Amino acid sequence: MTNRGIEAVLERIHGAEMPDLADLMLVLRVTDRAELESVFRFADAVRRESVGDGILLRGIIEFSNVCRNTCRYCGLNRRNTHLARYRLTCDEILAAVENICRAGIKTVVLQSGEEDNLDADGLTEVIEGVRRSLDAAVTLCVGERSREEYRAWKRAGADRYLLKIETSDPGLYGELHPGMSFENRTRCLEDLAELGYQTGSGSLVGLKGQTVESLAGDIRFFKRGRFDMISVSPFIPHVQTPLAGEPAGDLRMTLKMIALTRIACPQAHIPASTAMGSLHGRDERPKALSAGANVIMPNFTPNSVRRLYDIYPGKTGSDLPPEQSVAAVERMAAAAGRWVDFARGDALRLTRPSGGDSSPLAAPYDADLAEARRN
Ligand code: SAM
């Protein structure tokens, strides 16, 4: 295919209310260097036009590695008996939150494994504590919970929620997540949007059994979900999992997925993920930033437990104190001709409802949101 040909396909994906599966698969199959450059250049231009040159920072605190699930790719799976488990107290979490705010970052991401015994009231206290004394948005990433818990945390002041679908292919989802259900995960995503959360999802690239078709389906899933945040990152094998012997996700395929996500969902905030910074021991986040990403998540988990949040090996930044990881992002931004944006970085449909992407889907979504806020 000529470069003109690939650009016409990218234009179609960008303009479509629902991109064509065949178009998406065609781009995912591109291997020619000039065509690949066209894909990344197109995504970078869409990124600049829709979210600008700023790189948003989200400070993440991994407050517990206890998990009830047995996801076949994840080092936190409950069958991993080699891993010492921890749970930070409210005071420890709030101390880490203060470090985030001291670094000038205005989004706190609270992430954990999916615990049976998650202290929902304790988490409410943490959210209230952040909102009482600090000027920061709160993003939760604690897995599948009941609508009542989601509602209580929203009322306490949580702003956003991340729940990756991991793969939008229900059959593959079932194989990779024993005992979990695709329907419940999508139910959670719907509940979160209805309750007025800025909602994030995403997928992993390189999972055993994944096909180009299922990856193309992920992009359509993101488009359908009208997510405010979308994270696409490479699978990295962990020795204490059933997928230990599998190869890591392919860098080029992950970059194509990030680019397509940006092209199909221009307004989404898309991270250059920590897994992207850890693939094969190299920091590939600059490539993600050039292929459509606009967010980086420096780690503020206390040093005493950081290595125990062992979802995959070789996590980038594991040794860096938080100030240094922020400085590292500043250097990365400067090298890319970008700048670090210390704003809250809310969903663009809230901060610029009439600007940027004028998706016909935006209006009904905002109506849902208004309805949810009245509840
Ligand atoms: N329990 C929460 C949930 O289900 O959303 C959040 C914690 S979970 C450990 C956070 C993310 O880690 C997952 O969404 C998954 O994409 C990522 N992850 C887990 N194992 C991974 C691996 N081996 N390689 C890359 N990412 C992985």
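What follows is a walk through a predicted model of a protein chain with a ligand. Local features are described where pLDDT is at least 70, side-chain atom pairs count only at pLDDT 80 or more, and totals for chains, interfaces and linings use all residues. Residues are numbered from 1 along each chain as its sequence is written, and side-chain values use heavy atoms, with hydrogens and water left out.

Start with the overall fold. The protein chain has 15 helices and 9 strands. These are DSSP runs numbered from the N terminus, with helices (H or I) of at least four residues and strands (E) of at least two. The radius of gyration is 19 Å, close to the 21 Å that the globule rule gives for 375 residues, so the chain is as compact as a globular protein of that length. That radius is taken over C-alpha atoms, and the rule is 2.2 Å times the number of residues to the power 0.38. Along its principal axes, the C-alpha trace spans about 60 × 50 × 40 Å. Of the 375 residues, 57% are buried. Buried means under 20% relative accessible area, exposed means over 50%, and partly exposed lies in between, with a 1.4 Å probe and protein chains only.

Now the ligand. Around the ligand there are 19 residues, where near means that a heavy atom of the residue lies within 4 Å. Tyr73, Lys164, Glu166, Arg185 and Ile236 come nearest. By class, the shell holds 11 nonpolar, 4 polar and 4 charged residues. Here Ala, Val, Leu, Ile, Met, Phe, Trp, Tyr, Cys and Pro count as nonpolar, Asp, Glu, Lys and Arg as charged, and the others, Gly among them, as polar.

On its own, the ligand has 570 Å² of accessible area, and the protein covers 92% of it. Accessible areas come from the Shrake-Rupley method with a 1.4 Å probe; for residues, only the protein chains shown count as cover.

His280 lies in the loop between helix H10 (251-264) and helix H11 (285-290). At 54% relative accessibility, His280 is exposed.

Next, the charged pairs. The structure holds 24 salt bridges, each a side-chain nitrogen of Lys or Arg within 4 Å of a carboxyl oxygen of Asp or Glu. One of them joins Asp346 and Arg160, at 2.8 Å from N to O. Asp346 lies in the loop between strand E9 (339-341) and helix H14 (348-351), and Arg160 in strand E5 (residues 160-162), so the pair ties together parts that are 186 residues apart in sequence. Both residues are buried; the value for Asp346 is 14%.

Asp346 has another partner. Its side chain meets that of Arg344 in a salt bridge, again 2.8 Å from N to O. Arg344 is partly exposed, at 23% relative accessible area.

A local pair sits in helix H8 (residues 182-194). Arg187 and Asp191 both lie there, 4 residues apart, about one turn of the helix. Their closest N and O atoms are 2.6 Å apart in a salt bridge. Arg187 is partly exposed, at 27%, whereas Asp191 is buried, at 9%.

Last, two distances across the fold. Gly337 lies in the loop between helix H13 (322-335) and E9 and is exposed, at 56%. Gly337 and Gly54 are 283 residues apart along the chain, yet their C-alpha atoms are separated by 9.8 Å. Ala95, in helix H4 (residues 90-102), is partly exposed at 41%. Ala95 and Arg224 are 129 residues apart in sequence and 38 Å apart in space, C-alpha to C-alpha.
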